[in-house]
Amino acid sequence: MAQYIDPHIHMVSRTTDDYKRMALAGCVMVSEPAFWAGFDRSGVEGFRDYFRQLVDFEARRAAAYGIAHHCWLCINAKEAENVALSREVIAMIPEFLDHPSVIGIGEIGLNKNTKNEATVFLDHLDLAARMDELVLVHTPHLADKYQGTRMILDMVKGDGRIKPERVCIDHVEEHTIRPALDAGHWVGMTLYPISKCTPARAADMVEAYGSDRVMVNSAGDWGHSDPLAVPEFIFEMKRRGHDEALIRKVVYDNPLAFFRQSRRFKS
Ligand SMILES: [Zn+2]
């Protein structure tokens with residue numbers, strides 16, 4: 001059975017049985033970006049508790065199934081309309097940046113492409129630049145995706161301190177993968193049952209754009225999503241006759257190479 005990494009999954013929303021099924025399917029490592037809880041948290045203490053859950057309890061829950069757990073910290077774009085709270089959270093994040101399981105800042109990004117979201121995105125980029133952290137970027141859904149991705153690529157480039165290879169642009173689709181790769185970033189293709197991308201579309205994109213700096217993830221969360229989406233992609237690639245080395249590059253070697261740029265990452 002091939003080993004794989006799911007580089008974007010929200011395990012706090014998943015059951016322990018999911019960990020077991022993922023382990024049985026070959027999952028050996030996950031990285032969990034900080035995201036929206038489904039409701040707005042009432043203050044900075046809610047985020048401090050959430051970050052403690054990510055670095056402590058969630059890592060132990062994963063370890064029981066032989067899965068290494070890493071995480072990313074930020075305040076999600078969905079809560080960025082509250083700029084004052086966002087700045088309190090960004091100021092608190094460095095408390096956790098010595099923790100060995102933290103890979104970087106993420107998933108930051110845009111949701112509705114608003115001015116406040118852009119302000120908070122730039123504040124996160126500044127934190128990442130000052131603390132020499134990797135960045136994981138959520139791009140908006142559907143109709144907002146192309147414009148949001150362009151705004152994000154411009155803001156990252158505009159900072160000037162952040163090397164493009166230290167940024168992953170996530171949830172890319174056919175119309176956004178090329179600009180993200182051309183800018184020198186890593187990209188994530190999210191395999192989601194109802195939106196974003198299917199395993200077949202992801203396989204098409206690997207065939208069209210190659211496998212360099214490309215990863216796939218489930219982005220499993222509290223909504224309709226599939227924590228076994230990466231094995232579905234592996235199955236689709238095998239079905240098409242792709243060789244094991246290419247598949248392993250996308251589902252294992254690439255996420256590992258990206259993570260290894262983090263100064264704390266050991267594996
Ligand atoms: Zn996510």
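## Briefing on the sheet, its helices and the core

The crossing of helix 7 and helix 8 is right-handed. This is a predicted model, and its strands include an open sheet of 8 strands in the order 1-2-3-4-5-6-7-8, paired in parallel fashion. The largest nonpolar core holds 77 residues, and helix 9 (residues 244–259) gives the most to this core, with 6 residues.

**Helix 7 against helix 8**

- Helix 7 and helix 8 (residues 229–239) pack with their axes 9 Å apart and at an angle of about 55°, which makes helix 7 oblique to helix 8.
- On the side of helix 7 the contact is made by Pro199, Ala200, Ala202 and Ala203, while helix 8 brings Ala229, Glu232, Phe233, Glu236 and Met237 to the contact.

**The sheet and the helices on it**

- Strand 1 (4–6) and strand 8 stand at the edges of the sheet, and because each has a single partner strand, one side of each is left without a neighbour in the sheet.
- From one strand to the next, the twist of this sheet averages 25°.
- Strand 2 (residues 27–33) and strand 3 (residues 68–73) run parallel and are joined by 5 bridges; within this pairing, Met29 has Ala68 in strand 3 as its bridge partner.
- Helix 2 (residues 44–63) packs on the sheet, where it touches strand 2, strand 3 and strand 4, and its direction makes about 165° with that of strand 3.
- Helix 4 lies across strand 4 and strand 5, and the angle at which helix 4 runs to strand 4 is about 160°.

**Strand 4 and strand 5**

- Strand 4 and strand 5 pair in the parallel sense over 5 bridges, and Gly104 stands opposite Leu134 in strand 5.
- Strand 5 is mostly covered, since 5 of its 5 residues are buried.
- In a regular strand, side chains alternate between the two faces of the sheet.
- On strand 5 both faces are covered, with Leu134, Leu136 and His138 buried on one side and Val135 and Val137 buried on the other.

**The nonpolar core**

- The residues with the most contacts inside the largest nonpolar core are Leu73, Val135, Val187, Ala202, Val216, Phe233 and Val251.
- When its neighbours within four places in sequence are left aside, Val216 is in contact with Met189, Leu191, Ala202, Val230, Phe233, Val250 and Val251.
- Ala202 and Phe233, which are among the contacts of Val216, also take part in the contact of helix 7 with helix 8.

**Backbone features to check in the coordinates**

- The peptide bond that leads from Gly106 to Glu107 is cis, with omega near -10°, and Glu107 is found in strand 4 (residues 102–109).
- Asp132 is not a glycine, although its phi is positive, at about 60°; Asp132 lies in the loop between helix 4 (115–131) and strand 5 (134–138).
- With 14 other C-beta atoms within 10 Å, Asp132 is partly exposed.
- Arg213 is likewise a residue other than glycine with a positive phi, near 60°, and its place is in the loop between helix 7 (199–209) and strand 8 (214–217).
- Arg213 has 19 other C-beta atoms within 10 Å and is therefore partly exposed, given that a residue counts as buried if 20 or more such atoms lie within that distance.

Notes: Residues numbered from 1 in each chain as written. Predicted model: local features only at pLDDT ≥ 70, side-chain atom pairs only at ≥ 80, totals over all residues. Helix = DSSP H or I, 4+ residues; strand = E, 2+ residues; numbered from the N terminus. Buried ≥ 20, exposed ≤ 12 C-beta atoms within 10 Å, placed from the backbone. Core = buried A, V, L, I, M, F, W, Y, C linked by C-beta atoms within 7 Å. Contact = placed C-beta atoms within 7 Å. Pairing = 2+ DSSP bridges. Axes fitted to C-alpha atoms, helices over the stretch in contact; angles between N-to-C directions. Parallel < 35°, antiparallel > 145°, perpendicular 65-115°, else oblique. Left-handed = near helix turned anticlockwise from the far one by under 90°.
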